[in-house]
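Hello,

Here is the structure I said I would pass on. My notes on it follow below.

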Amino acid sequence: MPPAGIWVDGLVQSCIYVTMAFGMVLVFSILGILNWTHGQFYMLGAFVVYYAITAAGIPFPISLLISGVIVGGLGMLVEKFVIERLSVPGYGMLYVTVATLALIFFFEGAAGMSFGLMDKGMATVLPGVLDLGSFSISYQKIAVIIFTLVIMAAMYIVLNRTKVGLAIRAAAQEPVAASLYGISVGRVSLIVMGIGCALAAMAGGIIGPVYSVNPFMGRIPMIMSLLAIIIGGLGSLTGAIVGGIILGLLNSVIAYKISYFSEVALFVLVILILLIRPQGLFGAPAK
Amino acid sequence: MKKWYNVVAILMATVIVVGVFAIGCAKTAPPQPTGPITINIGEPVALSGSASPWGQIPTPFREAWFEVFNKEGFKIGDQTYNIKLIQVDDQNTAEGGAAAAKQLIFGDKCKFLAGHWTWNFSAISAVTNPAKVIFVTRTGSPDALPASWKGAYDAKTMPYVVFGTPSQDEFTFNCFALVDAFPNYKKLGLLDSTVGKGGPGWVVLQDTLNKAGVRWQSEWFAPGTTDFAPIITRFAEGGCDIVFVAGWIGEYMAFAKQRWEMGYKDMKVACSGPFVSLDMYKAVVGADAFEGAIGAYYDNSQFKKTIVNPKYIAQCQEALKIAAEKTGKPYAYTGEIAWLPSHVLILVQAMQKAGTVDDTDAIMKAIRGGTFDTTIGKWTMSGAETYGSPVVFGTPACLCVIQGGKEVYLSEHPMEPLP
Amino acid sequence: MMPYIDYKTLIPRTVIWVMIALFLILPAFTTNMITLSIFISSGIWAIAVMGFVLILRTGQFSMGQSAFMAIGGYVSAMLTVKLGIPYWPGFLAAGVVSGLIALVIGVIVLNAGGIYFSIITIAFGEIVRIVALNWEAVTRGAAGILTSPPAPITIGNFEINFATSVVPYYYFMFLLVTMAGLVFWQIDRTRIGGTFRGVAANPMLSEHLGVHLMKYRVIAFAVAGVFTGLAGAYYVTFLSVITPLMFDLWKSMQIVMMSIVGGISSIVGGALIGATVLYTLGVYLSRLPIYNIQYLLFGAVVVLVLLFLPKGTGLVDLWGKFWHKVFREPEEYEIPEESEMAVE
């Protein structure tokens, strides 16, 4: 039985994956594409928070919100000027997908050029460690857990209790019917992209102080959130949350037991899921 | 009639295409210098991609050092020579390395490549050896080891390779230096990414440590890992009180930070490379977690067991000053002292011994088994039996420790020559 | 009476043949290793791109093609280095093995279809990379395997020596690209290709009409696997080394980008143009002293090409449009420019 420290660490990892996966599924259910650039918004969010704190001295929670707004806005620009223009009926989502792939390189290069390639640290943000006997946990990691709970609660409220949320859910489930009821699917797409990217950005911002900030940090979280979505089921928001939690815990526990083979184990698991039960835990059954 | 206009248009287009080809293939004549003759030395180095901080940060020092060196240059007979450094980005990949080597050899006409430390030894030496270009690199990347250690280096098919930095042995002797510094250690933890694991070097390392009676435990992580909690726990449960991390900067910092936060404040963390930028480590790891961190140290003015030619110490100090002036802020990175300058001095002294700057066969002959006086001391090329050819230089294997936020000399275990 | 020469088709075709001839005699003008190497590498990636496009024709989006290059490369390296088999049989074997693996995987996985298939290809690619990295006994891990050039071939008095010059590599690459191009073009042109397009456009209708979906998807995947494996095996001997880090998810993504930029309407032309343009762009960008601009410009160029070319076209379609503009004769009444790409 792995020690408590491992489970807690797994929980922290889960929080990141949950936030990222949630954002990705949100975008997927409205736009119908996997946004490959999702990881880059994570990275950009971390950089915004970094500069907000170190260069402008803005307190951490406000920096997080600012990064959410800025990167969410950037996401909306990408949606409007790239994704919408490339959504060509008849070619499926081919061109959009390739565009989001290309944007990965674009944002990495832009970040590398603008911010430099050296790791940047924010260790001063919430220093200190809480000693709990058999293991300790840094305040920063506690902040990650609290943040995720807050964000998930906020999302629940927005999606279920507000008009915007209603519009989003309607557009996700029945776009044609929704537009008949006067919901502009285009505007909903824009809003959803903004929310999804903001989530990614804030995930990056809250995690920045835990590790470090560099232009390549977005690659692996994107792949991990993809795996989380598969476990939970494409298109299902609950699935994203559950999938993220499972993935995070699994990752830490497997790494503790068999060290570096956890990589292979996770990918094999994903392949098995896709072959045996592609809809994951909560997704709609495959056609 | 219109048809002919079109045909003419097509012919013109064809001519333009051919012309572009021709221009692309044309060779430009190099300008003839006056005075001292300039020798081009090429350096394939990671200037982009994730390894680039290690490639970019030493650049001010490298340029400064060549400025200092070229003041005097070196003489063969009556002719003075200067050196020009040409850097090409090799992106730390096999293709990038091959392309960089081709660019340097065929485009920039370099007969020597030096200062190489990235992971594409095989790809580059595949280009340099047929072209008879001397390639000064390091041992220790998984393929840059002799066949007897399951590496890819073969003295017979690669007669123009020189191992100017014995990273493989340096790592081993750094372990000894750690044990020297902390004689009451319990167990040494060795951590590397799986990219280094396949390397035959680890087998050699483990044998050597076992023979010397060093207690160790090794763990591996997948490249790109940011969360080291599982591995830290495994080390702690295994009783390791010093962990030697052979990974990249990012992983070292993550490990150091996380072990502190997990409560293992007494676990010492050592890095197999020099500290690239103290500010960065402090910002990422946390100033208090970073105290007591250990890293490789190449400040030749501080060596205690290795004697360095005072002229080279002075040159390096001057270069550090010039680098600080150029960048406009204090320049404390001493890591490059053991690399490019040392490699270049080996080449220069070999050229002087052989009496030529063009005949790479004669220069290689002078290098094999020769003794060279460089920025990190005087060493004799070893490796006749283990590598099949005595082309492996030595190293002081010196370590530093962070005290008060600054690097302080810790210990040194000069490398014993290989058989 | 003058015979009617259909100059609208003749002249573009002549230009293509002239360009091919120029490429053929290029080594006579220059033995500049750098230029030739760029073309060799572009050709090799073009083959991988052709494979991707063939799979795309059946409506599947494979993001794991570089894994087949890795498989081909490792098989050829292991056969030549460990078992001492001469290069050419090993090269063919690499293609066969790669194709067989593609076949097996295709049968198991292509049923999932759609996005699930794409994600499985990603996972497959990652697993190939991880296995290559960690199975030291066979692949020697990160150290990789060093390969040597193929043995010299003597034809009469004429010796083709791969070890001394890069020119034989260039000509063989030409041969390989031509062979691959012919195969892919034939498949595309014949009934099978038409069936592929039908399957992609409307799977349900095709199934109703008796087309066995899976069969064609698997065929496409396997054929792509064979040639991508061959391309990988050839690349490995050109670079003299194979390491697990050479073929990863990001390379698969680049293959996808090369295909779209080149244009998926023409399987051979599009692949060649896309691979050459993007690969050469990458090489020249990496020479710029402003570091990391290559990622930025690379991504930007792809996005811009996608945005500014008319929807659904790639660079190869510009070729058709150019000739159409050249030959358009002013009529009494302006005929709107139809998408009549008669000159392909």
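Ala354(B) sits in helix H14 of chain B, which covers residues 340–354. Please keep in mind that this is a predicted model. Ala354(B) counts as buried because 20 other C-beta atoms lie within 10 Å, and the cut-off for buried is 20 or more. Leaving out residues up to four places away in sequence, Ala354(B) is in contact with Asp359(B), Ala362(B), Ile363(B), Lys365(B) and Ala366(B). Met364(B) is 10 residues away from Ala354(B) along the chain, and 8.7 Å separates their C-alpha atoms.

Next, the contact between chains A and C. Chain A contributes 32 residues to this contact and chain C contributes 30 residues. On the chain A side, the elements giving two or more residues are helices H3 (60–86), H4 (94–115), H9 (219–232) and H11 (262–276). H4(A) supplies the largest share of that side, with 14 residues. Sorted by class, the side of chain A that touches chain C holds 27 nonpolar residues, 2 polar and 3 charged.

Last, the nonpolar core. The largest one has 351 residues, and the members that touch the most other members are Phe244(B), Val49(C), Met50(C) and Met257(C). Not counting residues up to four places away in sequence, Met257(C) touches Val98(A), Leu101(A) and Ala102(A) in chain A, together with Leu278(C) and Val302(C) in chain C.

Regards

Definitions and conventions. Residues numbered from 1 in each chain as written. Chains lettered and ligands numbered in written order. Predicted model: local features only at pLDDT ≥ 70, side-chain atom pairs only at ≥ 80, totals over all residues. Helix = DSSP H or I, 4+ residues; strand = E, 2+ residues; numbered from the N terminus. Buried ≥ 20, exposed ≤ 12 C-beta atoms within 10 Å, placed from the backbone. Contact = placed C-beta atoms within 7 Å. Nonpolar A, V, L, I, M, F, W, Y, C, P; charged D, E, K, R; others polar. Core = buried A, V, L, I, M, F, W, Y, C linked by C-beta atoms within 7 Å.
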